[in-house]
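Here are my notes for your first look at this one. Keep the structure open and find each piece as you read.

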Amino acid sequence: MMGFEEATPIQEQAIPAILEGRDLLGVAQTGTGKTAAFLLPIIQMLSKQEHKGIHTLILGPTRELVMQVDQQLEALSYFVGASSIPIYGGRGGQEMEQEKRALKRGADIIVATPGRLISHLEMGYAQIDNLQCLILDEADRMLDMGFAPAIQTIVNKLPQKRQTLLFSATMPNDIRRFSKQLLEDPVEISIAISKPAENIMQGAYEVSDRGKIPLTQHLLTGKKNLKRVIIFASTKKKVRELTQGLQRAGLDCTDISSDLDQKDREERLRSFKNGTIPIVVATDVLSRGIDVSGIDLVINYDVPNDAEDYVHRIGRTARAEASGVALTYVNGEDMRSFKRIEEMIETKIRRIVLPPDLEEFKATPGRGRGGSRGRGRGGHHQKGRGRGNSGGKNRGGGRKKR
């Protein structure tokens, strides 16, 4: 019914260890099936055990990831009847009251962002005395976002005797140190990371910043076969400028960034998922933990900060063994950093020649904004394809005792 035919590597290794009650440190990149790897054994436990209060707490870094995990949980537990609720900020008093009731009555599974959960825990009504399992999803991103103190605060309020599962897409030193604080004699699982899926066709354009909007317009105009496209830009300013440039060219697109309130973000993401809007321009808020199938093309409007970010961004396409295309725009200043990414993922990414009428925007080493014959500050192109541009929670574990 849900398309499962065989376990993914992370599921095959993690599920038995979780069912044995072991703590676990799992390293696996997005798209490897890690969410089901921890949800399925938890659901099985709930189907066989009687308990009082909250059984499992799942922490995630963003509202979007919390919503995605809750949706998968709802689907997987349909015939088990496990109760769950997502808890995240940006919602009104009515939702806050619903969250409060679930925490007081003891929903089986709570999926939450750290900040919002702390607001509830400080009120003292959450039924956590009998909590059996704590799961940290995308722990590396939570640390990157400054959530370590908040996680520590939450952990200090939980029972010392519990099972703890920590999942991360990467294994930097701070994750290693963090895991030693939280986990006791963990099973360690590492699924190959830092390499994109083989079924992603990767390419790169060496293009100045002023040529990025005209190039994007060229690539997307008239391409009716592209049903879903995500474009990642490094700043909210660049997201706005690119979205406006594409809309001026008659392309149906929207933007998603942290500037939007939660309701608007959810509505735009829903429109993208159901195909109403085919193109989304976003910051890295969409690079991890967003489960949207059928993405044909990912464009890195800017070179990502590192290889892990690159892998996560382009991993939005070619999911579940489908194929996809990922293109990256490399300006002159980013050529060296992009080469480092290629070295880390052990892949030489093919350079694609700019279309003849955009050759003036070819990047040269060390020059980010201009092209060889730029046309003024806005980079207005003679064929009217648009304008270029240059621009682009916290409190907290101790080691638990058994």
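**Notes on the model**

1. Start with helix 12 (residues 307–314), which is mostly covered: 8 of its 8 residues are buried. Buried here means under 20% relative accessible area, exposed means over 50%, and partly exposed lies in between (1.4 Å probe, protein chains only). Helices (H or I, at least four residues) and strands (E, at least two) are DSSP runs, numbered from the N terminus. The buried residues are Ala307, Glu308, Asp309, Tyr310, Val311, His312, Arg313 and Ile314. They pack against strand 8 (200–206), strand 9 (229–232), strand 12 (297–300), strand 13 (324–330) and helix 13 (335–345). Contact, by the way, means heavy atoms within 4.5 Å.

2. A word on ground rules. This is a predicted model, where local features need pLDDT of at least 70 and side-chain atom pairs count only at pLDDT 80 or more, while totals for chains, interfaces and linings use all residues. Residues are numbered from 1 along each chain as its sequence is written, and side-chain values use heavy atoms, with hydrogens and water left out.

3. Two strands pair if DSSP finds at least two bridges between them.

4. Zoom in on one pair. Strand 3 and strand 4 (residues 109–112) pair in the parallel sense over 4 bridges. Which residue in strand 4 is the bridge partner of isoleucine 85? That would be isoleucine 110. Isoleucine 87, for its part, stands opposite alanine 112 in strand 4. Strand 3, helix 4 (residues 93–105) and strand 4 form a right-handed β-α-β unit; right-handed means that, with the strands pointing away from the viewer, the path from the first strand over the helix to the second runs clockwise.

5. Glutamine 181 belongs to helix 8. Its relative accessibility is 35%, so it counts as partly exposed. Glutamine 152 is 29 residues away from glutamine 181 in sequence, and their C-alpha atoms are 9.6 Å apart.

6. In the largest nonpolar core, of 34 residues, those touching the most other members are Leu57, Leu59, Ile110, Leu136, Ile151, Ile154 and Leu166. Helix 7 (residues 148–157) gives the most to this core, with 4 residues. Such a core is a set of buried Ala, Val, Leu, Ile, Met, Phe, Trp, Tyr and Cys residues joined through side-chain atoms within 4.5 Å.

7. Lastly, aspartate 255 is in strand 10 (residues 253–256). Is it buried or exposed? Aspartate 255 has 16% relative accessibility, so it counts as buried.
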